[in-house]
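The sequence and structure come before the details.

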Amino acid sequence: ETSVYTPLKPVRSFTDHSLLLPYSPLRCRTCRSFLNPYSVVDFSACIWGCPFCFNRNPFPRNYSSIADNNLPPELFPHSTTVEYLCDSFSSPSPPVFLFVVDTCLISSNYLSFKLWIFFLIPPSSLGFSHCTKSYIFHGNKDCTKDQLLDQLSFFVKNPKPSSGVIAGARDGLSSDDIARFLLPVSDCQFTLHSVLEELGNNPWPVAADHRPARCTGVALRISAGLLGACFPGSAARIMAFIGGPSTEGPGAIVSRELSDPIRSHKDIDKDSATYYYKAVEFYEMLAKQLVHQGHVLDVFASSVDQVGIAELKVAVEQTGGYVVLAESFGHSVFRDSLKRVCQSGENDLGLSSCFSVGIIGPCASLEKKGPLCSDTAVGQGHTSAWKMCGLDKNTSICLVFEIAKRDTADVVLQSQSNQFYFQFLTYYGSISTQMVKQDSGNPFEARFENWSVELSNGFDQEAAAVVMARLISFKIVSYFNPQRWVDKALINLCTWFGDYQKGNPSSFNLSSQLSIFPQFVFHLRRSQFVQVFNNSPDETAYFRMILYRENVSNSIVMIQPSLISFSFHSPAEPILLDVASIAADRILLLDSYLTLVIFHGSTIAQWRKAGYHNQPEHQAFEHLLQSPRDYADTIVSERFPTPRLVICYQYGSQARFLLAKLNPSDGEAPLSGESNVFTDDVSLS
């Protein structure tokens, strides 16, 4: 059994308001699950039975008036999802943003970065006030936490503790020392603005046949150490702005000589990537440090070359961070994505922090073993609790369950053992509150007569395609043939659930609950999650990291892009993702999640070039041209990372962005637009 779960999806009750309870949840004494609508309540004895461990628990005194007509909100039948306001947590600290800025950038790129970064910092965030000196660290050497604290003069006024962990103002550091580096932005705006203005390019000369000396790994290690010492467990984010590959010290991915190319997929497959595995090992260590501290690593990369996302992937993914790839810091992809991270309002990301639940996904294992842990591990297994240092309202995780039969001599328990329940407990904090969210469910009852019909009736085709894509992204780290694996999985599904007469292919039929799934598989095997040709390791890692954190609706668009048609003959409507959909008098809008393509048919392109849309008598044509732009603008305003917008026309060079995603029907349907795709790929039919 598999499931895709979005922990912070907005909660709506029957009154269309968030179901938020202003008290702490009631927990089972044995398994620590929460009271929920599936609990069996004995009103006369004032006890409730846990559906997970079958333990009987007494209600506390404040539940003494409970009755069939006087239920607490968490026992209402519709209250399968409940949020509790927890008073037991300490008040949350303001968000902390620590910037790691690459100074080895082209001047124009650097200027664009500085113009945007200052105006996007939330006023309540922490910055620095009196940066009267700069601290220089050796880029070739790793820096431990103790070395960092000594070099930053944290113990000049106060003696260093002889024992214990140094962590924040309550454990070894003075508030005055911390305030030398981190203060509310509103208290240090002038200093911060001055530092950003005075920040210049790296002055060291670079030979024509060499890359700049860039020590990304050491910079991130020092940043993690500083946050771990000053604000452990707080809502802190390291935001790294990188413009090229790391070439010095731990985490380097290539040498400084330009004659030495950056690793490719082929190099990694053949174990000939000299720096790759050492860099991954270093960033795995950094990931463990950040997860322990509860901090997030975000990477904003601006370069036409690779910067090391494939190596950084583990640290970004396990901390729940973001990654954005753009051609320059002046590009709308970078500018608008950074704005979404820092803004608040209707389209904000809803950032939260420090989250621990029993799930699997872009997170780190807490290694909490127990009787409910399967012996078979998929992803980060052998545990019932995970941690994400950061998540937003769209962050989704994939869960894989193994259904095991419970052996018991109790007749009552045997009658209940065919019922399957799950409960997800999410502890998270926003800027102002600390919350715990409970999601409980009873997905199905196991009945073994006519089981294929039962399973097919509950089959979610979109979720299944997304789960398959995530499994491939996980499996492809080790050597295996992803296309063969996908094809075999589809064949097995059709063998078990298809209706057919053996030896008669025309008799094959799938029920309506599974009929679209082969179409998803077709587009999946052609997608960037399976195909690595023409993509660098950084791009492949980037695509898979986005897939790992998005919900089913967004993920299915990555797998099978949507295609919208705009024409004079009909209103905007979705059409088949096929070459046959191209027409000379039609505008197509392709949404592949990270790229939006507005494609003008040949006739539309000629009219546009002639300027008909600027003439008063052709207002209908002007409206037709504007409609896909308005549609695209709506998508851009709601999506993260901000997608790239491509406007092209039929037979133009950039039409490849559309043609690469279309089914090459190859004459199986009439081509009204006289366009064809020449490819070795098989068609959908």
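## Basis of the description

A residue is called buried when its relative accessible area is under 20%, exposed when it is over 50%, and partly exposed in between, with a 1.4 Å probe and protein chains only. The model is predicted, so local features need pLDDT of at least 70 and side-chain atom pairs count only at pLDDT 80 or more, whereas totals for chains, interfaces and linings use all residues. Residues are numbered from 1 along each chain as its sequence is written, and side-chain values use heavy atoms, with hydrogens and water left out. Helices (H or I, at least four residues) and strands (E, at least two) are DSSP runs, numbered from the N terminus.

## Aromatic pairs

The structure holds 23 aromatic pairs; rings of Phe, Tyr and Trp (its six-membered ring) pair if their centres lie within 6.5 Å, and planes under 30 degrees apart count as stacked, over 60 as edge-to-face and the rest as tilted. The pair of Phe241 and Phe300 is stacked, because the ring centres are 5.4 Å apart and the planes stand at 20 degrees. Since Phe241 belongs to strand β10 (residues 236-242) and Phe300 to strand β11 (residues 296-302), this pair ties together parts that are 59 residues apart in sequence. Phe241 is buried at a relative accessible area of 1%, and Phe300 is buried at 0%. Phe241 and Phe300 also belong to a cluster in which ring pairs link them with Phe99, Phe329 and Phe334.

Phe566 and Tyr631 form an edge-to-face pair, with 6.1 Å from centre to centre and 75 degrees between the planes. Phe566 is in strand β21 (residues 562-566) and Tyr631 in helix α18 (residues 619-638), so the pair ties together parts that are 65 residues apart in sequence. Phe566 is buried, with a relative accessible area of 5%, while Tyr631 counts as partly exposed at 39% relative accessibility.

## Charges over a ring

The ring of Tyr548 has the charged end of Lys313 over it, 5.7 Å from the ring centre, and the charged end of Arg470 also sits over the ring of Tyr548, 6.0 Å from its centre. A charge sits over a ring if NZ of Lys or CZ of Arg is within 6 Å of the ring centre and within 35 degrees of the ring normal.

## The sheet around β21

Five strands form an open sheet with mixed pairing, in the order β22-β21-β23-β24-β25; two strands pair if DSSP finds at least two bridges between them. The edges are held by β22 (573-574) and β25 (644-649), each with a single partner strand, so one side of each is left without a neighbour in the sheet.

Strand β21 is mostly covered, as four of its five residues are buried. Five bridges join β21 to strand β23 (residues 587-591), and the two run antiparallel; here Ile564 stands opposite Leu589 and Leu563 stands opposite Leu590. Two bridges join β21 to β22, again running antiparallel, with Ser565 opposite Glu573, and a hairpin of six residues joins β21 to β22.

Helix α14 (residues 517-525) is largely enclosed by the rest of the structure, because seven of its nine residues are buried. These buried residues are Phe517, Phe520, Val521, Phe522, His523, Leu524 and Arg525, and they pack against α12 (461-475), α13 (482-497) and α16 (552-559), where contact means heavy atoms within 4.5 Å.

Leu514 is placed in the loop between β20 (504-509) and α14, and counts as buried at 1% relative accessibility. The C-alpha atoms of Leu514 and Phe459 are separated by 7.2 Å, although the two residues are 55 residues apart along the chain.

## Cavities

A search of the whole structure finds two cavities of 30 Å³ or more. On a 1 Å grid over the protein atoms alone, a cavity is a set of points where a 1.4 Å probe fits but cannot get out, and lining residues have an atom within 4 Å of a point. Grid points are joined across faces, edges and corners, and a volume is the space filled by probe spheres set on the points.

The largest cavity has a volume of about 100 Å³. Its lining comprises 13 residues, of which Gly321, Val323, Met545, Ile546 and Arg549 lie nearest its centre. Helices α8 (309-318) and α15 (537-549) each supply at least two residues of the lining of the largest cavity, and α15 gives the most, with four residues.

Methods
1 Å grid on protein atoms, 1.4 Å probe; cavity = no way out; pocket = protein on both sides within 12 Å on 5 of 7 lines; lining within 4 Å.
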